[in-house]
Amino acid sequence: MAIRKVLHYGEPSLREVSKEVHKVSKKITDLVRDLLDTMYSQNGVGLAAPQIGENVRVFVIDVSTGNEPLNPMVFINPKIIKKSGAIKSNEGCLSFPEAYTDVRRYKNVMVKATNEHGKPFVLEAKDGSLLARAIQHENDHLDGILFIDHCINRFETDAVLEKYNLPHIDPDLLVEEKNLEEELAGND
Ligand code: ZN
């Protein structure tokens, strides 16, 4: 299909809440292929539709990180139905070229979604695995939430953003996650 342009942090559509998919139509399966092509072209682990300017609830993940066999996973209308534990995760994002920072994530998640064939599925990802963290990161994109909103240190993160000429953190958009904060503090 096509490699699409990935929007960078600062583009308003990255902050929008995306719409539910009502039918896995050809338009949606084409979008899924574009997401996969674009993600692989940039060696990404995940990509969400709003990152290519389509505000619909679709994302793709492949945690094989370029090693054969590839393992593309498609999530349409995903919902995280269970989450537990806390973990510190060093993350980047294709919408934030080269910028990485430490964020708070749940260690374990259970997600319910529909695949590209219109078939519903439930998936559990545990132990702070790349998959568990990627699901949370990509799912957030569908609600206009970005990884930096979960940052552990706002000032360090701002310094990284500045280095790569990206806009600063919006303090009003930081996610309140006292439970994760406390659990991470307890782990130290
Ligand atoms: Zn991202």
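Tutor: One cut-off before we start: buried means under 20% relative accessible area. By that cut-off S18 is buried, because its relative accessible area is 6%. Keep in mind that this is a predicted model.

Student: Where is S18 found?

Tutor: S18 sits in the segment before α1.

Student: And which residues does S18 touch, leaving out those up to four places away in sequence?

Tutor: P50, N55, V56, R57 and L142.

Student: OK, the fold. What is the strand order in the open sheet?

Tutor: The order is β1-β2-β3-β6-β7, five strands with antiparallel pairing. β1 (46-48) and β7 (120-125) stand at the edges. Each has a single partner strand, so one side of each is left without a neighbour in the sheet.

Student: How much are neighbouring strands turned against each other?

Tutor: By 35° on average, direction ignored.

Student: What packs on the sheet?

Tutor: Helix α1, residues 26-41, touches β1, β2 and β3 (73-84). Its direction makes about 40° with that of β2. Helix α2, residues 130-141, lies across β1, β2, β3, β6 (108-114) and β7. α2 runs at about 155° to β2.

Student: Which residue is the bridge partner of K79 in β6?

Tutor: K112. On the β7 side, K112 stands opposite V122.

Student: What about the hairpin of β6 and β7?

Tutor: Five residues lie between the strands. G118 in that hairpin takes a positive phi near 80°.

Student: Switch to α1. How far does it reach from its first C-alpha to its last?

Tutor: 22 Å over 16 residues. That is close to the 22 Å expected at 1.5 Å a residue.

Student: Which residues of α1 are buried?

Tutor: I28, D30, L31, V32, D34, L35, L36, T38 and M39. They pack against β1, β2 and β3.

Student: Remind me, why do residues three or four places apart in an α-helix point the same way?

Tutor: An α-helix has 3.6 residues a turn, so residues with that spacing point the same way.

Student: What comes just after α1?

Tutor: N43, with a positive phi of about 55°.

Student: Now the metal. Which are the protein donors of the zinc ion?

Tutor: C93 through SG, plus H137 and H141, both through NE2. They lie 2.1 to 2.2 Å from the zinc ion. Along the chain the donors follow the spacing C-x43-H-x3-H.

Student: Where are C93 and H141?

Tutor: C93 is in strand β4, residues 87-93, and H141 is in helix α2. The pair is 48 residues apart and links distant parts of the chain. Both C93 and H141 are buried.

Student: Last one, N108. Where is its place?

Tutor: In strand β6. N108 counts as buried at 19% relative accessibility, because the cut-off for buried is under 20%.

Student: What does the N108 side chain reach?

Tutor: The backbone nitrogen of D127, at 2.8 Å. Leaving out residues up to four places away in sequence, N108 touches K82, K83, S84, A125, K126 and D127.

Technical notes:
Residues are numbered from 1 along each chain as its sequence is written. This is a predicted model: local features need pLDDT of at least 70, side-chain atom pairs count only at pLDDT 80 or more; totals for chains, interfaces and linings use all residues. Side-chain values use heavy atoms; hydrogens and water are left out. Two strands pair if DSSP finds at least two bridges between them. Helices (H or I, at least four residues) and strands (E, at least two) are DSSP runs, numbered from the N terminus. Axes are lines fitted to C-alpha atoms, for helices over the stretch in contact, and angles run from 0 to 180 degrees between N-to-C directions. Contact means heavy atoms within 4.5 Å. Buried means under 20% relative accessible area, exposed over 50%, partly exposed in between (1.4 Å probe, protein chains only). The expected span of a helix is 1.5 Å times one less than its number of residues. Donors are N, O and S atoms within 2.8 Å of the metal (3.2 Å for Na, K and Ca); water is not among the atoms, so sites may look incomplete. A polar contact is a pair of N or O atoms within 3.5 Å; within protein, one must be able to donate a hydrogen and the other to accept it, and residues adjacent in sequence count only if both atoms are side-chain atoms.
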